[in-house]
Amino acid sequence: MSGTYTAHLAEDCGTILADGSKALAYRHRQIDPYIDLCEKVTLDFSGVRSANSSFMNALISGLLEQHGEPVLEKLVFKACKPAIAVLVEAAIELGISKSAGKVVA
Amino acid sequence: MNVFRLPMHLNAGGLLPFLTMMGCPLHDGGVEIDISELRRVLPASMVSLVAMVNLWRRKGREVRFTGISECPILSYLQRMDFLSSCGIDVPEAFRRHDSKGRFVSVKNVIHQTDEMAREVAGCLAPGGEEFDHPNAGLYDMITYVLTEVANNIRQHSSGTGYAAAQVHGHEGMIRMAFADNGMGILKSFRMVEAQWSEQATDAEAIARALEPRVSCKAGPPNEGVGLTMVSSVVSKIGGALLVVSGSGMAKFPIGGGSSFETFPEGASYQGTMVAMTFPERAAKRFADALKEAKDDAGILQSGRRRATFEP
């Protein structure tokens, strides 16, 4: 296991991240496979203008739910504007709760 | 024939009496809507009426509008694409101007909610596409609210959804509204076999839908926080929110608080309608309001400590 993988959200999903189904498909295709292969996985939000909870929860909470809390040691969240950072933090918290079995959504 | 004469003012005070009037059980036959007296109408009244008219048509009822030429706000209704959305074609005797910064005409809620958000936020918050523009917070707020509500409509209404908005510059307020003619919130819960919903009322179902982490949609990617955050953020920036579904309604007035009620006279709205009013300037603090809303809902506690953020 070595190297760093960077997912460019704006290029891959658009500058407005709003569709949870799209996020889920993107995670399965573009993020999950690299979690076990790379030491660092960067989610680069450069150019992302806006987002909503549906997208972020599907993308990030799902990662934590699937791979567990230790996946946070690999993840880097880059270039998050303030509102995006709030959504990322909340999605992480939700993912941690779910992976610990605290929440049945 | 069911005849409705629309009152002069379908404004904030007139919305619920209007929905009660339109939501009473219909007799057999068609529907006639007289708009000759109509002088003031808000987006919520428009989109809910468009949703109703299109539902009645889908069910085979004849719907006709009367008093069109006498209506003092005919050109406004045309600019808002209200009549055309109701299937009424009236020649326009005016030139359309750019609506940027003023209003968003009635739109179908489409699958590409991100594209819709770009268009609507670009119209209501001109310049906000740029991160450092004074309207950037407003742009974020509109995008967030629109995509969350539109996703809800698209994913589980099984009906058609409509949206419209208006900037009221003299009040410094923005009014946005969404309406669909689908199954409504209570039936959505019953579809996913939420056991409690069997004995619940529409008002109780709305209340549950507004609780964090309660979703009408089964399984991932839905976490059930979208509508909860929308209501909380709107309240935190000093706005008001109304959610109507079936015979129930939830009111979040300006200044805080909430109430869950049932329509009088057996009235019911088939589908769900979400209307909000918020101060244009306060939307600048959208990011802070969102953070507070997530905090209140117990879904933002210590994420930053455990996550790595890079500039």
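Modeller: The largest nonpolar core in this predicted model holds 128 residues. Such a core is a set of buried Ala, Val, Leu, Ile, Met, Phe, Trp, Tyr and Cys residues joined through C-beta atoms within 7 Å. Buried means 20 or more other C-beta atoms within 10 Å of a residue's own, exposed means 12 or fewer, and partly exposed lies in between; C-beta atoms are placed from the backbone. Val88(A), Val47(B), Val50(B), Ile142(B), Ala164(B), Ala177(B) and Phe178(B) have the most contacts inside the core. Helix 6 of chain B gives the largest share, eleven residues. Helices (H or I, at least four residues) and strands (E, at least two) are DSSP runs, numbered from the N terminus.

A word on conventions. Residues count from 1 along each chain as its sequence is written, while chains are lettered from A and ligands numbered from 1 in the order written. Local features need pLDDT of at least 70 and side-chain atom pairs count only at pLDDT 80 or more, whereas totals for chains, interfaces and linings use all residues.

Seven strands make an open sheet, ordered 6-7-8-12-9-10-11, with antiparallel pairing. Strands pair if DSSP finds at least two bridges between them. Strand 6 (103–108) and strand 11 of chain B are the edges; each has a single partner strand, so one side of each lacks a neighbour in the sheet. On average, neighbouring strands are turned by 10 degrees against each other, direction ignored. Axes here are lines fitted to C-alpha atoms, for helices over the stretch in contact, and angles run from 0 to 180 degrees between N-to-C directions. Strand 7 (residues 161–168) and strand 8 (residues 173–180) of chain B pair over eight bridges, antiparallel. His168(B) has Met173(B) as its bridge partner in strand 8 of chain B.

Helix 8 of chain B lies across strand 9, strand 10 and strand 11 of chain B, at about 45 degrees to strand 10. In helix 8 (residues 202–209) of chain B, Asp202(B), Ala203(B), Ala205(B), Ile206(B) and Ala209(B) are buried. Down the helix axis, these fall within an arc of 160 degrees, so they line one face of the helix. The arc is taken over directions from the helix axis to the C-beta atoms. Their packing partners in chain B are helix 7 (184–191), helix 9, strand 9 (240–246), strand 10 (248–252) and strand 11 (259–262).

Last, the chain contact. Chain B contributes 40 residues and chain A 37 residues. Helix 6 of chain B brings the largest share of the chain B side, seven residues. That side divides into 16 nonpolar, twelve polar and twelve charged residues. Nonpolar covers Ala, Val, Leu, Ile, Met, Phe, Trp, Tyr, Cys and Pro; charged covers Asp, Glu, Lys and Arg; the others, Gly among them, are polar. Strand 5 (residues 75–78) of chain A and strand 13 of chain B run parallel, joined by three bridges. Val76(A) has Thr308(B) as its bridge partner there.

Note on methods
Two residues are in contact if their C-beta atoms, placed from the backbone, lie within 7 Å.
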